Amino acid sequence: MTGKPVNIENFRDKVVVLKVWDLGCQRCFAHEETFQKIEKALGDRIQVIGVAQNNGEEALERIRTHCREEKIAWPQWQIDPVSRERLGILSVPAYFVIDQEGVLVETEKDVAVTNPGGRLINEVGLVKYLFDLSKSTPK
């Protein structure tokens with residue numbers, strides 16, 4: 001949330017989880033502790049990135065406050081409404097999992113949507129999937 005551009009190449013060789021959320025969404029906060037545990041367990045093999053759909057200076061300060069109070073250390077980005085629509089995000093939380101090669105391998109953009117592999121991502125499934133994916137070697 002520094003306002004500086006970020007190069008996705010900085011995350012090459014890591015599994016990246018983009019977690020799209022909203023300050024007004026209680027479900028969005030349900031798995032924060034789980035993601036903290038995942039990051040701790042997998043170390044530098046994974047990078048969680050929060051993507052807040054709230055915009056503006058007031059929202060930015062509220063996001064910073066929330067992350068400080070909840071001890072969330074992963075990077076936070078903001079997404080504008082146009083980009084949100086392009087990504088097909090219907091509701092939050094939404095998740096995008098990108099493998100070590102930069103390939104989108106899993107998504108959950110709405111609780112009713114399954115990914116191409118047919119698995120509905122939930123907390124248990126996501127933890128197992130990320131653990132397995134982080135152990136695989138890049139092609």
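Is N54 buried or exposed?

1. N54 counts as buried, because its relative accessibility is 14% and the cut-off for buried is under 20%. Keep in mind as you look that this is a predicted model. You'll find N54 in the loop between β2 and α3.

2. What does N54 do with its side chain? There is a polar contact with the side chain of D22, at 3.4 Å. A polar atom of the N54 side chain also sits 2.9 Å from the backbone nitrogen of L23. Leaving aside residues up to four places away in sequence, N54 touches W21, D22, L23, A59, I63 and Q78.

3. Now zoom out to the sheet. It is an open one, built from five strands in the order β3-β2-β1-β4-β5, with mixed pairing. At the edges are β3 (76-78) and β5 (104-108), each of which pairs on one side only. On average, and ignoring direction, neighbouring strands are turned by 20 degrees against each other.

4. One handle to search for is V51, whose bridge partner in β3 is W77. As background, strands of a sheet pair through backbone hydrogen bonds, either parallel or antiparallel.

5. Next, the helices. Helix α2 (residues 32-42) packs on the sheet and touches β1 (15-21), β2 and β4 (94-98). Its direction makes about 155 degrees with that of β2. Helix α3 (residues 57-69) lies across β1, β2 and β3, and runs at about 160 degrees to β3.

6. A few backbone spots deserve a second look, because most residues other than glycine have a negative phi, and most peptide bonds are trans. The bond joining V92 and P93 is cis, with omega about 5 degrees. P93 belongs to the loop between α4 (81-86) and β4.

7. Where are the positive phi values? D13, not a glycine, has a phi of about 75 degrees, and this residue lies in the segment before β1. K71 isn't a glycine either, and its phi is positive at about 60 degrees. Look for K71 in the loop between α3 and β3.

8. Is K71 buried or exposed? K71 counts as exposed, since its relative accessibility is 68% and the cut-off for exposed is over 50%. Compare that with N54, which counts as buried at 14%.

Key
Residues numbered from 1 in each chain as written. Predicted model: local features only at pLDDT ≥ 70, side-chain atom pairs only at ≥ 80, totals over all residues. Heavy atoms only, no water. Pairing = 2+ DSSP bridges. Helix = DSSP H or I, 4+ residues; strand = E, 2+ residues; numbered from the N terminus. Axes fitted to C-alpha atoms, helices over the stretch in contact; angles between N-to-C directions. Contact = heavy atoms within 4.5 Å. Buried < 20%, exposed > 50% of the residue type's maximum accessible area, 1.4 Å probe, protein only. Polar contact = N/O pair within 3.5 Å; in protein donor to acceptor, adjacent residues only side chain to side chain.
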